[in-house]
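Morning, everyone. Please have the model open while I talk. I'll keep this short.

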Amino acid sequence: MAQTKPKFMLIEHGRYFYQRKVPLEFQTAVGRKKWRAPLGDDFDTAYDRLKEIKSDHDTLLKRLKSPEERQDYRTAQRHKREGEKAARKAAEDAAYEKWCHTSGIKTEEEEFFEIHGEDDEPAWEKADRWIAAFDHERAKDMNPTQDDIDGVRNLLGRLARSDGDFKVELPPHPEFKALVADATDAAKSRISFAPFSEPMDDDEYHDRLVDVHRSLFGDHVQPPSAPEDRDAFDVAKMLLERRIARVARNPDTLNKVAEKFFRFAQLRKKTEDKYRRTIERLVAKTGDIPVGQVTPRMLRDYRDHLKNKRCPLLPSSIRAEFTPIMGLFSYAVDEELIEISPMVSVKLPKERRAVEEMKWLPFDIDEVSRIFAALDDVWGQPVRGLSDERRDALRMAVRVLAHTAMRPAEFMALRPDQVDDRAIRVEGGKTKSSWRVIPLHPEIADFPAWLHAGGLAAFHNSKTGEAQTDTVTVLRHNFSRLVRSKMAQPITDRRKTLYSLRSTFQNAMRRAGAPKDVRRAILGHVESGAIRHYDDGPSFDLLRKWVEQADPRD
């Protein structure tokens with residue numbers, strides 16, 4: 001039997017390599033477009049090593065999804081590269097100095113001092129020139145200055161007059177390339193052009209400024225004694241410190257405070273993910289700025305953006321979008337990060353529709369019968385684009401939802417240990433009251449065996465075999481196609497959807513005569529108030545009685 005090559009494994013000349021493309025959005029932080037590592041020539045050893053590297057990179061990519069973590073990693077990698085570069089430069093400088101002395105010529109530093117002598121200008125007076133140089137490097141327009149061009153011209157002259165194989169790298173500016181093209185062959189042979197480095201980000205700019213501050217104004221520096229010079233010294237130091245403060249990372253940016261808020265609120269994972277996506281959409285409009293810099297005007301602009309989208313959000317959806325935003329700023333006020341929430345001055349649109357107009361509508365008895373017939377007529381036969389396993393899974397999902405009143409997300413999250421021949425134990429649902437036990441309806445007696453056999457895996461990604469990020473999408477999409485276009489008599493009411501199966505079974509229990517508290521218990525709704533602490537709700541036998549008597553087709 002042919003051996004299947006694992007993902008990310010490359011075979012070249014009988015040897016194994018790990019090769020994986022770095023996602024585009026992470027390439028700047030990682031500093032490369034792909035990872036590649038040798039794994040050896042033994043398959044078993046190579047496979048074990050591949051799994052280790054893949055696991056490490058999976059963990060890293062998960063971390064890098066956070067903008068804060070991504071910037072931290074990029075800065076750490078830069079520090080590592082700078083340390084390695086400094087070590088190489090020290091070795092190169094030592095070799096260069098030895099070569100100069102062996103060749104009987106002066107080093108550049110010795111030549112400079114011979115021509116210009118000692119620099120009498122106090123070092124702190126050069127602070128503004130350092131800042132100007134950094135600002136030039138940070139600018140998108142990185143064209144060399146005339147001083148840069150003159151420096152390269154002088155360098156080429158020195159290389160033409162000296163012997164040896166000392167190499168020099170230059171950035172590929174057209175001006176530098178033109179000078180090298182006109183240089184002697186001896187000079188050309190010792191010049192190479194390196195790619196442009198990434199533009200200097202705020203963290204690197206901050207580090208450079210801190211280095212200058214430490215060098216020019218550190219504890220080892222003796223301030224001038226003359227009053228006028230001391231004033232100039234203090235002003236230069238203050239201006240540099242202000243610039244450092246402006247680019248220093250603020251610990252209270254929107255993303256950072258949001259993560260603290262999520263941890264404090266102890267949100268359920270799905271709720272936390274939903275809230276995080278909302279904050280990411282807000283940050284995309286405002287930038288990841290400190291919470292204290294968010295103004296009511298920014299939030300009103302975001303509200304208006306939601307109202308004026310190509311597909312405008314309804315008032316209820318806008319209010320839902322602002323729920324985590326309001327929670328974030330309330331948390332910031334409580335933690336004394338800000339004095340007042342900017343949401344105080346933001347008015348959200350009111351929902352004018354009646355509940356009856358907004359809610360999902362249940363399917364009537366005739367519609368349920370037609371849906372169940374379509375499960376066999378449409379999904380009971382081969383369908384282009386659907387595997388047999390997925391067709392069976394879709395049929396099972398609809399049958400279970402129609403006989404349990406579970407939310408679709410609750411069904412997709414079920415584990416084998418939550419289901420047996422007696423009941424389905426729903427855990428970790430939308431709310432705390434969602435934790436409940438639903439007796440198994442006789443019409444879905446085959447569900448436990450199907451689930452224990454790994455039936456839900458049919459909803460996993462067909463290419464990777466991994467669980468989908470949005471587990472309900474596949475089910476919702478295929479059910480919508482079934483009832484809107486595949487059935488002989490399509491159901492076109494847009495308020496009748498997959499979620500409608502929940503209220504459909506609730507109506508079936510009501511028609512069977514089930515008491516209200518039984519229906520609430522099956523739905524996962526509870527009585528409000530202190531009674532919740534003293535009442536466990538209807539017994540399991542009572543729930544089973546009414547579940548078994550309810551039939552959404554009758």
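Predicted model: local features only at pLDDT ≥ 70, side-chain atom pairs only at ≥ 80, totals over all residues.

Some ground rules. Residues are numbered from 1 along each chain as its sequence is written, and side-chain values use heavy atoms, with hydrogens and water left out.

Confidence, then. pLDDT is the predictor's confidence in each residue, from 0 to 100. The chain's mean is 86, and 90% of its residues reach 70 or more. Helix H15, residues 355-358, is lowest, at a mean of 54. Helix H19, residues 447-452, is highest, at 96.

Overall shape. The chain has 23 helices and seven strands. Those are DSSP runs, numbered from the N terminus: helices are H or I with at least four residues, strands are E with at least two. How spread out is the chain? Its radius of gyration is 34 Å, well over the 24 Å that the globule rule gives for 554 residues, so it is more spread out than a compact globule. That radius is taken over C-alpha atoms, and the rule is 2.2 Å times the number of residues to the power 0.38. Along its principal axes the C-alpha trace spans about 105 × 70 × 45 Å.

Buried residues make up 37% of the 554. Buried means under 20% relative accessible area, exposed over 50%, partly exposed in between, with a 1.4 Å probe and protein chains only.

Now the cores. A nonpolar core is a set of buried Ala, Val, Leu, Ile, Met, Phe, Trp, Tyr and Cys residues joined through side-chain atoms within 4.5 Å. The largest has 56 residues, and Met406, Phe411, Phe447 and Phe459 have the most contacts inside it. H17 gives the most to this core, eight residues. A second, separate core has 26 residues, including Phe261 and Ile289.

Look at Phe411. Contact means heavy atoms within 4.5 Å.

Next, helix H20, residues 473-486. Its 14 residues reach 18 Å from first C-alpha to last, close to the 20 Å expected at 1.5 Å a residue. The expected span is 1.5 Å times one less than the number of residues. Buried residues in H20 include Val474, Phe479 and Arg484. What do the buried residues of H20 pack against? Helices H16, H17, H18 and H21.

Buried or exposed? Lys496 is buried, with a relative accessible area of 11%. Its contacts beyond four places include Asp364, Glu367 and Arg484.

Leu156 sits in helix H6, residues 146-161. At 8% relative accessibility, Leu156 counts as buried. Leu156 touches Leu179, Val180, Ala183, Ala187 and Ile191, leaving aside residues up to four places away.

Last, two loop residues. His13, between strands E1 and E2, has a positive phi of about 55° although it is not a glycine. His13 is exposed, at 84%. Glu336 lies in the loop between H14 and H15. Its phi is near 60°, again positive in a residue other than glycine.

That's my tour.
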